[in-house]
Amino acid sequence: MTSRCSRRPTSPVRCVGVAVLFLGLAACRQVAPAFGPNIPLARQNAEEFFYSVGSRFTNIQRPARIIHARSQFGHYALTPSAVYNDTTIWLAIGPDSARLFGDEGHFLYDRYIVTAKLSTTPPDVLTESREIVRLRKLTSNEYEWFTNVDVALGRIGAKNIADVLAAALEAGEGRSPAAIRADYTANFPRTTAALGRLFSIDTLRTTPDSEGATTYELAIRLTPEILKATMPHYAAYIDKYISKGKYRMTLTDKTGAHWFDAWAANYYMHFKVRSKGGHFAPLEGAVRQMPEALTIHLDMSMKILVFTVGWTDMVGEFNVINTQHERGWAMRFAKEPEWRLPPAVGYLLKSPLRRPFKDSGIPVRFSIRDNPGSQTLLNRRGTLVVQESGILRFLNRLSGTAVGDFLGPSEREANRFNADAFRALRIDVATLLQELR
């Protein structure tokens, strides 16, 4: 079953989030009640969740010190010696000489206020956030970055978040693309309009099979030409960087079976998943339970200035976090990929590129964790070790260029776009649950 509509583009940085959001829209009425064990709690959980996430993007106010720190972190991520001794950035020095920076934020009236502060306590009020950045010097030219971010989401259970995704997958199973489109257009009008400034479902295919499962194939297109009417800087950034990039992410198990495919190029994001009864199934073969230990494969290339850089075959561990009070993913990359570098840097020593993948590799973790009686937290944390060298300085100049182009007007417009989308989603879900009471 296939359906096509107007052309539009997408941002690979948010590939999975966009796919989940569109699949959620596809299910509409069937998904909204999954936010809680009953309609009143579903309404409360959805309201708090979308309000908190949307607030994080709304009219963000940062003092000069934080603006400076964010800019320096972005410009010197791969050459941290340039910021290690910058006293205008760090708030404290740890016992191991590690440099420490932190901030916390909260929503007040019509703006999200961020202040520089080191805090060891997790957020305990809706919309609050905490961030810690630690830079540790290991040797004369090796540094370790560590970041940890917590965001309060209200009282929704981690299981409820998983239930929403499961309900979205199950509700679309066996349905025609036309029925799915009609459903989300009718039931999510504000969200469809808000996202429609940048995203369009170009292709939606649902294929039922003899196993009772359904394979979803989704192609979403970015349309910066539409977005530029209201957000010209963000649209220009997408045109400059995203349109020239190529990305792919695949999840496989130890048998080689594929469980998730996503790829992007030329303004298009493509997704392919299969489910039965709201549970993921392998893209080929008999339906079975998804294992908690998977392998993630990543390819990426971008053109920055006149150079094309990236990698192929970055392989890592991908573990599903599925406990009573926590849902999420833990990844670790301990194998150096095949690098794609311009000939101009071919003479540079490439051994520093292997350094991040040694020892514990690159661990990255995303999860939602609930704690009865307090706020449910969205957590993101990761560690990266870099070895400074000529090739890292070259790559840092390129990444710093991309970061510099984003910070400022482009980022403010991107935040406004996200805030609009989550506000629309909050209202649409609330309207549906009001009708179902």
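A: Happy to. One term first: helices (H or I, at least four residues) and strands (E, at least two) are DSSP runs, numbered from the N terminus. This is a predicted model, where local features need pLDDT of at least 70, side-chain atom pairs count only at pLDDT 80 or more, and totals for chains, interfaces and linings use all residues. Residues are numbered from 1 along each chain as its sequence is written, and side-chain values use heavy atoms, with hydrogens and water left out.

Q: Thanks! How many salt bridges does the structure hold?

A: There are 25 salt bridges. A salt bridge is a side-chain nitrogen of Lys or Arg within 4 Å of a carboxyl oxygen of Asp or Glu.

Q: How far apart in helix α11 are Arg 423 and Asp 420?

A: Arg 423 and Asp 420 sit three residues apart in helix α11 (residues 409-436), so about one helical turn separates them. Their side chains meet in a salt bridge of 3.0 Å, N to O.

Q: OK, and what about Arg 155 and Glu 48?

A: Their side chains form a salt bridge too, at 2.2 Å, N to O. This pair links distant parts of the chain, 107 residues apart: Arg 155 is in the loop between β7 (142-152) and α5, and Glu 48 is in helix α2 (residues 39-55).

Q: Is Arg 155 buried or exposed?

A: Arg 155 counts as exposed, at 51% relative accessibility, while Glu 48 is buried at 10%. Buried means under 20% relative accessible area, exposed over 50%, and partly exposed in between (1.4 Å probe, protein chains only).

Q: What does Arg 355 pair with?

A: Its side chain meets that of Glu 142 in a salt bridge (2.7 Å, N to O). Arg 355 lies in the loop between β17 (338-340) and β18 (362-369), and Glu 142 lies in strand β7, 213 residues apart. Arg 355 is buried, with 9% relative accessibility, and Glu 142 is buried at 14%.

Q: Switching topic: how many aromatic pairs turn up?

A: A search of the whole structure finds 15 aromatic pairs. Rings of Phe, Tyr and Trp (its six-membered ring) pair if their centres lie within 6.5 Å; planes under 30 degrees apart count as stacked, over 60 as edge-to-face and the rest as tilted. Take Phe 35 and Phe 50: with ring centres 5.5 Å apart and planes at 65°, they are edge-to-face.

Q: Where do Phe 35 and Phe 50 lie?

A: Phe 35 is in the loop between α1 (15-27) and α2, and Phe 50 is in helix α2, so the pair ties together parts 15 residues apart in sequence. Phe 35 is buried at 5% relative accessibility, as is Phe 50 at 6%.

Q: How are the rings of Phe 57 and Phe 422 arranged?

A: Those rings are stacked, because their planes are at 5°, with centres 6.2 Å apart. Phe 57 is in the loop between α2 and β2 (60-61) and Phe 422 in helix α11, 365 residues apart.

Q: Last one: which residues form an aromatic cluster?

A: Phe 73, Trp 90, Phe 101 and Trp 145 form one aromatic cluster.
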